[in-house]
Amino acid sequence: MDDGLKARFRRFAERLADDEAIDEGGLTGGDVKSISAAIADLVEVRYATLQELADEALAKCGPL
């Protein structure tokens with residue numbers, strides 16, 4: 001998740017009242033704020049195929 005998207009989500013969450021119902025499942029504004037705080041610390045992780053992971057491991061360890 002890029003920083004711009006995180007910031008937009010944070011601004012959205014900040015507009016919600018803590019006890020505001022977001023959906024029928026019981027999600028509240030406070031929950032969305034907690035989610036926003038949690039994703040603020042996320043970093044982007046590159047997607048790798050199993051082949052790429054295997055190649056990287058073999059390069060570090062050598063053949064088995």
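Helices here are DSSP runs of H or I with at least four residues, and strands are E runs of at least two, both numbered from the N terminus. On that basis the protein chain has 3 helices and 0 strands, in the order α-α-α from the N terminus on. The chain is more spread out than a compact globule, because its radius of gyration (over C-alpha atoms) is 19 Å, well over the 11 Å that the globule rule gives for 64 residues. That rule is 2.2 Å times the number of residues to the power 0.38.

A quick word on the ground rules. This is a predicted model, where local features need pLDDT of at least 70 and side-chain atom pairs count only at pLDDT 80 or more, while totals for chains, interfaces and linings use all residues. Residues are numbered from 1 along each chain as its sequence is written, and side-chain values use heavy atoms, with hydrogens and water left out.

Here are some whole-chain values.

| Property of the protein chain | Value |
|---|---|
| Buried share of the 64 residues | 16% |
| Accessible surface | about 5300 Å² |

Buried means under 20% relative accessible area, exposed over 50%, and partly exposed in between (1.4 Å probe, protein chains only). The accessible areas come from the Shrake-Rupley method with a 1.4 Å probe, and carbon and sulfur atoms hold 58% of the chain's surface.

Leu42 sits between helix 2 (29–40) and helix 3 (50–61), and is partly exposed at 46% relative accessible area. Its C-alpha atom is 13 Å from that of Arg10, 32 residues apart along the chain.
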